[in-house]
Amino acid sequence: MGRITLDKVTKSFGTAQVIPPLDLTIEDGEFTVFVGPSGCGKSTLLRLIAGLEDVSSGQIRIDGEDATMTPPAKRGLSMVFQSYALYPHMSVRKNIAFPMRMAKMPQEEQDRRIEAAAKALNLTDYLERRPGQLSGGQRQRVAIGRAIVREPSAFLFDEPLSNLDAALRVGMRMEISELHKKLATTMIYVTHDQVEAMTMADKIVVLRAGYVEQVGSPLDLYRAPRNLFVAGFIGSPKMNFIEGPEAAKYDAHTIGVRPEHISISADEGPWSGVVGVSEHLGSDTFFHIHDTGLAETITVRADGEVSFHHGDRVHLTPRTDVIHRFDTAGLRINQ
Amino acid sequence: MARSITQRRKAINTAAAWAVGLLIFFPILWTILTSFKTEAQAINDPPLFLFFDWTLENYAVVQERSDYMRFLWNSIIVAGGSTILGIIIAVPAAWSMAFVPSNRTKDILLWMLSTKMLPAVGVLYPIYLIFIRLGLLDSRIGLVVVLMLINLPIIIWMLYTYFKEIPGEILEAARMDGATLKEEILYVLTPMAVPGIASTLLLNIILAWNEAFWTLNLTAAKAAPLTAFIASYSSPEGLFYAKLSAASTMAIAPILILGWFSQKQLVRGLTFGAVK
């Protein structure tokens, strides 16, 4: 079980309020991602749930029981840190055993769980090594192993992949997702990378300055962002925002069009502009179009085979059925 | 061009370092040399450097006249005891200041250091009176306590700097893993800080070993360590340089040997944090 409820939780450091009153429920077995720009309070929120920080007011309930004042060790949660936070003076085996040793678990049970975790995480050959002798990916797996063996009611991940290189990150992302499928335990995952959020989450919580901007499934957020911030944060490349007369045509203060919802052509389309930088990714090409009279730059995602050159005049056609409309306050206007 | 300048710099630096090193070491070398001279040669003018009749006579006399082993044993107990006691008190103190700092932590650290700025003689009288009341004069336990208190600020400061280098996340991980505060300090913090703790230990043994003011003032015969042993050879009836030198050499030999073997650890410890 691992249902976590935050009830009007606030956190202040001195006079600065980092988390204004916040309500949130994380259902049992759910993979929830807290995402937002740096300084948005997502890590603080995770640390409040972990018990590493005390809440200033409000209540945290784990499986219905008030855990607001419970010390971290007694909350039944496991945490994986950004820096892995392995014990450098202990072997991998001892690192993984540490939480069980603290819980005074019988030795045979400890050994059984270590073997199982090592097998699941491909660490069997490294059990006697020190963390310093392992690669970044292996260290991260040890940190995960140490978290698994306790059989916690929920896992907390604090930007666990940001110290890994890009290729490894994709691999670990899959591993963590698979782990979640296998264990079906609640996971809360903090990241500033919206791609991680989109690919892993059952539920995304978008945070800005401590406020929850939107909660929903990845596709909900992609299809119906509640405001300009979420619209701009979710999706890569970023959504194009257009104000002025073009937006007024749609009865909106601002309209948003995703780069993948604009087609580019040499000779026809309602909008036109000049090609600036083109980013060739192979499968796709991103064109940055200037001088459209709509916004400073309009980003367009086209097929990898499409080729225009710097300075070419091109025409753009947005897909009108997926245009997002926002009012003067930046809130979504529903169709 | 650039190369020749750096080469010359290097040569000058090396020469300067040797000069300073020799300057610092010279008194010790002279003491050791004098301890092998006769009393007459010791005060010879001009001074004799290496060419004299080497003799062990002074050591024999010193050994005969006073019980070196008793002084040595007192020194070991006082230096070791005060250091160990100090570490036991300083580890939790430094932990709290490094990992749960408050607004006043810096002030407390400075205040502790400021006690070292007070001339020791300024508190001699009150401490002497307290020692008389408690019957601690000329006792090893009294010396252990006083030397521990004298060096405690340095121990805490050193440990504090080492602990600051340990990432807080590792201690938080221990907390998440179910460790109590005691287990966190015992199983995670202390083993990680072993190099730092070892340097602190060594430096404080040296400081306590060489401490002369309190050891001379608070002891008479029973608890007197090696500092008192040296002092007993400088008397108003006349100085016997060779014997005094022999006594000094015997007193500093153990700590010199300890320092020699642990110099790597000491240098590493003292530059810890400054050079990463």
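The legends below describe several close-up views of a predicted model.

Residues are numbered from 1 along each chain as its sequence is written, while chains are lettered from A and ligands numbered from 1 in the order in which they are written. Local features are described where pLDDT is at least 70, side-chain atom pairs count only at pLDDT 80 or more, and totals for chains, interfaces and linings use all residues.

**View 1. Chain B as a whole, with its confidence and its secondary structure.** The pLDDT, which is the predictor's confidence in each residue on a scale from 0 to 100, averages 85 over chain B, and 93% of the residues score at least 70. For the complex, the predictor gives an ipTM of 0.83 and a pTM of 0.78. Chain B holds 14 helices and two strands, where helices (H or I, at least four residues) and strands (E, at least two) are DSSP runs numbered from the N terminus. Taken along the principal axes, the C-alpha atoms of chain B fill a box of roughly 75 × 70 × 30 Å. Of the 276 residues in chain B, 33% are buried; a residue is buried if 20 or more other C-beta atoms, placed from the backbone, lie within 10 Å of its own, exposed if 12 or fewer do, and partly exposed in between.

**View 2. The largest nonpolar core.** A nonpolar core is a set of buried Ala, Val, Leu, Ile, Met, Phe, Trp, Tyr and Cys residues joined through C-beta atoms within 7 Å, and the largest one here has 144 residues, with A:L156, A:I188, B:A94 and B:L159 having the most contacts inside it. Helix α7 (residues 140-164) of chain B gives the most to this core, with 14 residues. Domain 1 (4-228) and domain 2 (237-326) of chain A both give residues to the core, so it lies between them; these domain bounds come from an automatic or database domain assignment. The C-alpha centres of these two domains of chain A lie 38 Å apart.

View 3. Two residues are in contact if their C-beta atoms, placed from the backbone, lie within 7 Å. Leaving aside neighbours within four places in sequence, B:A94 is in contact with B:I156, B:L159, B:Y160 and B:F163. B:L72 lies in helix α4 (residues 68-99) of chain B and is partly exposed, with 17 other C-beta atoms within 10 Å. With neighbours within four places again left aside, B:L72 is in contact with B:L226 and B:P254.

**View 4. An open sheet in chain A.** Six strands of chain A stand in the order β6-β7-β8-β3-β9-β10, with mixed pairing, and two strands are said to pair if DSSP finds at least two bridges between them. The edge strands are β6 (77-80) and β10 (211-216) of chain A, each of which pairs on one side only.

View 5. Strand β9 (residues 203-208) of chain A pairs with β10(A) in the antiparallel sense over five bridges. A:R208 has A:Y211 in β10(A) as its bridge partner, and A:I204 stands opposite A:G216 in β10(A). The hairpin has two residues between the strands, and A:A209 takes a positive phi near 50 degrees there.
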